[in-house]
Amino acid sequence: MEFECSAPSLWREALSSYSSRIQSLNKPNLVSLDDFYRNALPSLLHQRNPSPFITTSELSDLMRWKLTRGKWRPRLLDFVSALDEAVVKSASQKAFQALPDISKAISELTVLKGLGPATASAVLAAYAPDVAPFMSDEAMVAALGNSKDYTLKQYLLFVNKLQEKAKELTAEGETFTPSDVERALWSGAVGAKLPSSQSDPDLKTDKSKNPNKRKRKR
């Protein structure tokens, strides 16, 4: 999926292919973890309004989702699973209450051991997908040209790009959130790597126009 593409239909097609791309990776538990992250977790967080928070167990499952969808780094999961429940609750409450100030929200979460801006962005995206997209490698490459710099400064640039793209696509008559844009970019990148029999040819052709190559660093 080329980031400069302005056709909402192509973006919607890429987004619609997301679930099948998740399945195509054939990674253990990824389908159930993705369902938890995209459906169950947002519901749980919003049920706790007006002072939403995430639990250590939920944060651990979120980390499993992130590492399974991307690059597995068990050390990070160990750090998160060992976090004190009260500390996680307090940090996440402060982060959610800070929104839409994304910089402050990320900073509240990254005090937790094992949480960098990328994982913190996943926490925020689960609660406010219309504000804070997940900082995935694939979307970073598409929007900014690389996925090496996992800093707050880089994330804010990333958020701005995806918010602008979401507004642009929505103005064309479709409704997109920044998180929709991230998933479409991820779906397009994964689809482009599949055998032609498994990948949509239009999306693959569109992605092939992008000279940027995906680089993974987690």
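Which residues does L124 touch, not counting residues up to four places away in sequence? L124 touches A95, F96, L99, A105, I106, L109, P129 and A132, where contact means heavy atoms within 4.5 Å.

## Basis

This is a predicted model, in which local features need pLDDT of at least 70, side-chain atom pairs count only at pLDDT 80 or more, and totals for chains, interfaces and linings use all residues. Residues are numbered from 1 along each chain as its sequence is written, and side-chain values use heavy atoms, with hydrogens and water left out.

## Nonpolar core

The largest nonpolar core has 66 residues, and W11, L59, L99 and L124 touch the most other members. Such a core is a set of buried Ala, Val, Leu, Ile, Met, Phe, Trp, Tyr and Cys residues joined through side-chain atoms within 4.5 Å; buried means under 20% relative accessible area (1.4 Å probe, protein chains only). Helix α8 (residues 117-127) gives the largest share of this core, 8 residues. Helices here are DSSP runs (H or I, at least four residues), numbered from the N terminus.

## Aromatic pairs

The structure holds 6 aromatic pairs. Rings of Phe, Tyr and Trp (its six-membered ring) pair if their centres lie within 6.5 Å; planes under 30 degrees apart count as stacked, over 60 as edge-to-face and the rest as tilted. F3 and W11 form an edge-to-face pair, 6.3 Å centre to centre with 85° between the planes, and both are buried.

Y18 and W186 form a tilted pair, at 5.2 Å centre to centre and 55° between the planes. This pair links Y18 in helix α2 (residues 18-24) with W186 in helix α11, 168 residues apart.

Technical notes: Buried < 20%, exposed > 50% of the residue type's maximum accessible area, 1.4 Å probe, protein only. Helix = DSSP H or I, 4+ residues; strand = E, 2+ residues; numbered from the N terminus.
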